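Subject: Structure handover

Hello,

I am passing this structure on to you.

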Amino acid sequence: METRVRRVLLTAAALLALPGCATIQHWRNHRAEVRAARAEVRAEAAQAQSPDGASSTEIPPPAVRPEVERRRARAAKIKSSNFEIGAHFGVISIEDFGSHPTYGVDLAYHVTEDFFLRAELGRATAGRTSFETLGGNIQLLTEGERKFTYYDLGVGYNFLPGEAFLGRRHAMTSSFYVLAGVGGTQFGGDKKFTVNVGGGYQILPLDWLAVRLGVEDHLFQTNLLGAEKLTNNLEAVLGTTVFF
Amino acid sequence: MRRSPICLLLLLVLALAPTLSHARAHAHVRVSVQTPYLELRTGPGRGYPVFNVVPRGQSVEILFQRTNWLKVRTPRGVEGWASDRDMEQTTLSDGSTLDLHIGTRAGYTSHRFELGAFAGVWGGASLISTYGSLSFNSQLALEGSVGEFFGRYTNGVTADIGLSHVIVPQWRLSPFLMLGVGLVHTEPKATLVQPANRTEQTAYVGGGLRFYLTRSCFVRAEYKTHVVFTKLDRNEVEDEWKLGFGVFF
């Protein structure tokens, strides 16, 4: 243990020393530049303010005052619209607990025209297992434990881009997507590591508005009903998102 | 009645949506085409068809940018999508070429913010984590990360804050070192003898590799060794391995 702690401290010292030197060097250079710039500004101000009196004899007034205003080069500011936020509603089939309505929120960041990163948070309420239904008054889970809450972080890929036509005058861009991610699911009084895979179709009626129809599977291991098993929880949703 | 946080988030999203969509009314940048022609596509992607071209000398207004595509409007009111590569050959009114600052290798070397997500292992349990960082210069950054782990006997949440140092930021595959402190909240599962939840302080050192992929995206793999300062006689050591994606701004 002591060796580990010592290693932590030694690495700490080394880590602080390395960037520290670089940062201090950078900071010193920066300070020197700032000082030089201030001195220049002060000299210019003194020159501009000094009247034609005795004190100005040392620095003669400039013969020609340039009337051209200095042009400042500015990088073009273009609004970016790579983030997408929205909500989804649908049906989820919670294995052994029936199909139930689900709803949630999504946030995505589009890295390239093909790839995007997405975070999702959703919730559903599970019903009763067939064992509970047939067994009469048996309750496997409390009401609180029947809340099925899931979140995931994943990577998506857009493919088959195209256009969807509404009559002769309106065309909307569209594409299919697949995605895979990892996340967590809270259900039955426990939290489980969850893998999710899915895909869908989305259209953009406006540049800033997307509507998607998606199917996703949330897979996790559980021993809720006795034996350890992998459960598939399929979800079909209709979602709408806004780009910003 | 207790409102669920997801309901509130949903309401917030629905309330924000019109605001977000209206936030785009501002002055647009105007550029003029210098190449023989500028191709306009129907959507922001190479798969969408070209439906219009803007001839040399004509100007276009840049409405907004999505990934590596820019939505532009011609003086005749035709709107379409042009690629960043084509647009970087247009010029502004003062004759300078358009500099878009869309993620590049130079941005990878030196940037202000990073965000990312990982999957991995924390002390033998499956881990999901996210991180954000604020760079002071191309080498040194302040990083914070939060994660949740799911184990056979224990679940928990971790939060870390610390410094990271990229040794040679110019390299595409670039190693870095990390140092910091954190908290770990563990929730042993109820079937165990000691089911009490615990929150303990940690300190970590670590290192990793990052690899520039494309645009503003990179892959990041890292290892941290955490010393958990427990309330018991001896401290615990937990290893954390993770792999994920990051984007810089």
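How many bridges pair strand β13 of chain B with strand β14 of chain B, and in which sense do the two strands pair? There are twelve bridges, and the sense is antiparallel. Strand β13 covers residues 217–229 of chain B, and strand β14 covers residues 236–248. One pair to find on screen: B:V228 has B:E236 in β14(B) as its bridge partner.

Please keep in mind that this is a predicted model.

Strands β13 and β14 belong to a closed barrel of eight strands. The order is β7-β8-β9-β10-β11-β12-β13-β14, with antiparallel pairing. Neighbouring strands of this sheet are turned against each other by 25° on average, direction ignored.

Chain B also has a domain assignment. Domain 1 spans 23–101. Domain 2 spans 107–248. The centres of the two domains, taken over C-alpha atoms, are 41 Å apart.

Next, chain A. Here, too, eight strands form a closed barrel. They run β1-β2-β3-β4-β5-β6-β7-β8, and the pairing is antiparallel. From one strand to the next, the twist averages 25°.

Within chain A, look at strands β5 and β6. Strand β5 takes in residues 170–187, and strand β6 takes in residues 190–206. The two run antiparallel and are joined by 15 bridges. For a landmark, go to A:V178: opposite this residue stands A:G199 in β6(A).

Best wishes

Technical notes: Residues numbered from 1 in each chain as written. Chains lettered and ligands numbered in written order. Predicted model: local features only at pLDDT ≥ 70, side-chain atom pairs only at ≥ 80, totals over all residues. Pairing = 2+ DSSP bridges. Helix = DSSP H or I, 4+ residues; strand = E, 2+ residues; numbered from the N terminus. Axes fitted to C-alpha atoms, helices over the stretch in contact; angles between N-to-C directions. Domains from an automatic or database assignment.
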